[in-house]
Amino acid sequence: MTGSKESFISNFKAPENSRGLRSQGDQYLVDLPVPGRRSERWKYSPISKLLNTSLNTCSGEGVVWPEEILPDPVPFLDSYRLVFRNGHYVSSLSDMPIDDDVICMPLSEVGAEFTNDYHKREWVGAMNAAYHQDGLFLKVSKNVSLDRPVVIHHLTDGADIAALPRHYIELEEGAGAEVVVWSSASEKSSGMCNGILEANVSSNAYLRVDKICNEAGEIFKFSHEYIKQERDSRVKINTFTIKGHWVRNELEIVANGPGTDSTFNGAYLPTGTEHVDNHTVMDHAYPNGTSSELYRGIMYDKSTGVFNGKVFVRKDAQQTNAFQQNSNIVADKGATINAKPELEIYADDVKCSHGCTVGQFDKEALFYLKSRGIGSDEAKALLVKAYVGDVISSVDREEVRNEILRLYSERHGWA
Amino acid sequence: MSQTEEDKLLNEVTGKSYEFGFTTDIESDTIAPGLNEDVIREISAKKNEPEWMLEWRLAAFKIWSEMEEPEWAHLEYPKPDLQAISYYSAPKKKTELKSLDEVDPELRKTMEKLGISLEEQKRLSGVAVDFVMDSVSVATSFKDKLAELGVIFCSLSEAIQEHPELVKKYIGTVVPQRDNYYAALNSAVFTDGSFCYIPKGVRCPMELSTYFRINEAGTGQFERTLLIADEGSYVSYLEGCTAPQRDENQLHAAVVEIVSLDDAEVKYSTVQNWYPGDEKGKGGVYNFVTKRGICYKRSKISWTQVETGSAVTWKYPSCILKGDDSIGEFFSVAVTNNMQQADTGTKMIHLGKRSRSTIISKGISAGNSQNSYRGLVKIHPGATNARNFSVCDSLLMSSTCGAHTFPYIEASNPTAKIEHEATTSKIGEDQIFYCQQRGIDEEEAIGLIVKGYAKEVLNKLPMEFAVEAQKLLTISLEGSVG
């Protein structure tokens, strides 16, 4: 019988390591309900279609890397690189930092288990806890900044694949790191990629993550980032969905000390019947924190977009300054956006605001451009480029920025 | 402001007992507590209702018994025991009244204490008051004047007897029996309410007003209001409430349905000041209300509410903008103090082309209260050039209260334009300082700032109502500011 939660995971095989976490995952897989329309967090992103498929986890043996996809997704970037295929580490294509102050290795080779409680809250998280294959383990010592960014490239390749990567980043006091999390999939691939990234950012440390999803094929993609910030730490997360059949990006930032700064931005431009869902949670539990969020999207053709941004300001988080902006354009008949910016505020001396808009291209701006001899399509492309450009410009590395822009341009025919 | 002063002010307010808490002593005719089919039959029989009405109630009861109480709201409260409630209570002395002098002196006293004496209202503002005490209408004024124009303004039970064709045609068309748990319950057991019909092209010359009161101890109040504005008509309807002080929680699950036919305009204003419970959160009214209107072509529904009372409020006055060029508006001031909880907002469902909606929501939370805005703006694929503008502001007045915003935006049309913005902040110390410099004491300054903050909404209220609303705002918040 297909469609039940037991049958969906019946062909999954778990590696032998991390028994403790895996058995917890097994337990919660039984206890937790499957995300459905009746659940508030999943009402706009049902997964019944996925549950009706039969997927397999595969082993890391006998890797054949497809030719059309470069192992190095950002060609000109001087970086370290960890490559994964269907959840498994591909050492022949990877290039890891070797330094006394930095521990960087596949997660499967690290004995310890790290986890937040996501697997206790969500069935999808429990699945990753029980069946995760491999991922990055990165630990940067006190007051050390990693000299080059680390690129994590995950490829989903093949039919009916269940890939479950899991990454962990630990930054000690005053440490710094930049990470690019890139996921791609080959044309004929199908199945699911269910990834988790956890990061612990100690006081005065900084972490930058650029997350790019550029997946062909028909992959249901779940990705959950959980970032815990200590006192005076800085975090900047950029989430770009360039291409993806069904994408759910979840980002949860917990400020666990005073004076934290969090910036997180995102862009999504789905076409065809694509579905992109961005769920963000910013949790201010301590005073003097700031957060700034900007998500922009354009829904083309028959695509659907979902945005849910939650900002919590707990009782003691006085002097919090939180800002959230979500703009959407529904470009074609048949496209839909479901947006829900939320504020939950329990402290009084705070400045919090959110804005959410759904609109169209500015007719006057279009007219202005047309009156100067720029064709309609080109004018629209210019406007879109500027609109998404505000998000892209928050990527610090020029090489990454250019690659994102190049891929968007290619896909949407921007000149 | 210094800490001691703050405490002093807080104590002053929290020490203040509910000013409108008193019970009118009138004999009532009450059904034994409990809910089953027989109770519904009994209510229906007592009200001498036709067979179709009873069937409609029973169908609702069947639906309700299969439903579960919803839990999605941002509220925490002990669930009311629906079997412990008496579903019918009506004042016994029921005689036809032609003038105010015939009204029971006890009732007159109640009204006077509320500061809404009928004579005054009649004289000052030309308001026709349909005074609802518990569940049965006891005094209706200006009836003859309205009758001349063909306006029907009476209790719903009267309408079921005298205008069954209208009731049958429209009841449940906007809020169907299975709409939600409390709407289903109301459909099964509603005892009375107001009925209003404005004929084609008539501009109702006066504001129609109903004062609701919950009176009998242990009676749930299940009002049902049906308001029909026929083509090209206009009506402004006022609803205001106060309730006597009670220890156990009282449930109020009302339903309001508005049908605004082509080119009609309905303005529905509410001032709600039911007993909010004491400062520890004991007692108070549960206000679980379903209010919804449907707009046909070029018609307009405008909801204005000032919510200061009730222990738990759960209320979303909504508009279904079905017709092309229809307009929906929602203006709200929600004040919570002490242990009050409010989850309120609106739904604007855009179906018609060029339909427009405006949402202005001002939340004020003080004490240990929780105040949430929850709203939906939905643009259906056919609603070309639909437009929405929403502002939800929250003002926080203590470090232990909460203000939350949950706006849902669902757009499926490329021409839709939706703007939503929300801010949360506390009263600016510089603003208070500025006032104090000019000899305005702190409390007054806060009153000024709050009134200014809520002005956009208060301005939308009819004049007579705005006065009362301002009074309420001041009473609810006086000194609660830190």
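**Entry 1: confidence**

I started with the scores, since this is a predicted model. The ipTM is 0.83 and the pTM is 0.84. For chain B I got an average pLDDT of 79, with 76% of the residues at 70 or above. Then I went through the elements of chain B one by one.

One is residues 92-97, which has seven contacts in the model beyond near neighbours in sequence. Another is residues 119-127, with 13 such contacts.

**Entry 2: chain B in outline**

I counted elements next: chain B has twelve helices and 24 strands. Of its 482 residues, 55% count as buried. I also looked at how far apart in sequence the contacts reach. Taking contacts in chain B between residues at least 6 apart, 85% join residues at least 24 apart.

**Entry 3: strand β12 of chain B**

I picked strand β12 (residues 265-273) of chain B because I wanted to see how covered it is. Nine of its nine residues are buried. I then sorted the side chains by direction. B:E265, B:K267, B:S269, B:V271 and B:N273 point one way, while B:V266, B:Y268, B:T270 and B:Q272 point the other way. Both sets are buried, charged B:E265 and B:K267 included.

What does β12(B) pair with? I found strand β14 (residues 300-307) of chain B, running parallel to β12(B) and joined to it by eight bridges. Within that pairing, B:V271 stands opposite B:V306.

I zoomed in on B:T270, which sits in strand β12 of chain B. Is B:T270 buried or exposed? It counts as buried, because it has 24 C-beta neighbours inside 10 Å and the cut-off is 20 or more. Setting aside neighbours within four places in sequence, B:T270 is in contact with B:E239, B:G240 and B:Q305. I also took one distance: B:T270 and B:I152 are 118 residues apart in sequence and 20 Å apart in space, C-alpha to C-alpha.

**Entry 4: the largest nonpolar core**

The largest nonpolar core has 223 residues. A:V150, A:A177, A:V313 and B:C196 have the most contacts inside it. Helix α5 (residues 123-131) of chain A gives the most to this core, with seven residues. Both domain 1 (5-256) and domain 2 (362-415) of chain A give residues to it, so the core lies between them. As background, nonpolar side chains tend to be buried together in soluble globular proteins.

I followed up on B:C196. Leaving out residues up to four places away in sequence, B:C196 touches B:I152, B:F153, B:L208, B:L227, B:I228, B:V235 and B:Y237.

**Entry 5: the two domains of chain A**

Chain A is divided into domain 1 (5-256) and domain 2 (362-415). I put their C-alpha centres 30 Å apart. Across the boundary, 13 residues of domain 1 are in contact with eleven residues of domain 2. On the domain 1 side, β10 (206-215) and β12 (234-243) of chain A are the elements that give two or more residues. The residues of that side divide into eight nonpolar, two polar and three charged.

In chain A I also checked helix α6 (residues 363-371). It is hardly covered: of its nine residues, the buried count is zero. Just after α6(A), A:G373 takes a positive phi of about 80°.

**Entry 6: where A meets B**

How many residues does each chain put into the contact? I get 31 from chain A and 31 from chain B. On the chain A side, the elements giving two or more residues are β19 (336-345) and β20 (351-359). The largest share, ten residues, comes from β19(A). By type, the chain A side divides into 14 nonpolar, eight polar and nine charged.

β20(A) pairs with strand β24 (residues 417-426) of chain B in the antiparallel sense, over seven bridges.

Terms used. Residues are numbered from 1 along each chain as its sequence is written. Chains are lettered from A and ligands numbered from 1 in the order in which they are written. A nonpolar core is a set of buried Ala, Val, Leu, Ile, Met, Phe, Trp, Tyr and Cys residues joined through C-beta atoms within 7 Å. A residue is buried if 20 or more other C-beta atoms lie within 10 Å of its own, exposed if 12 or fewer, and partly exposed in between; C-beta atoms are placed from the backbone. Helices (H or I, at least four residues) and strands (E, at least two) are DSSP runs, numbered from the N terminus. Domain bounds come from an automatic or database domain assignment. Two residues are in contact if their C-beta atoms, placed from the backbone, lie within 7 Å. Two strands pair if DSSP finds at least two bridges between them. pLDDT is the predictor's confidence in each residue, from 0 to 100.
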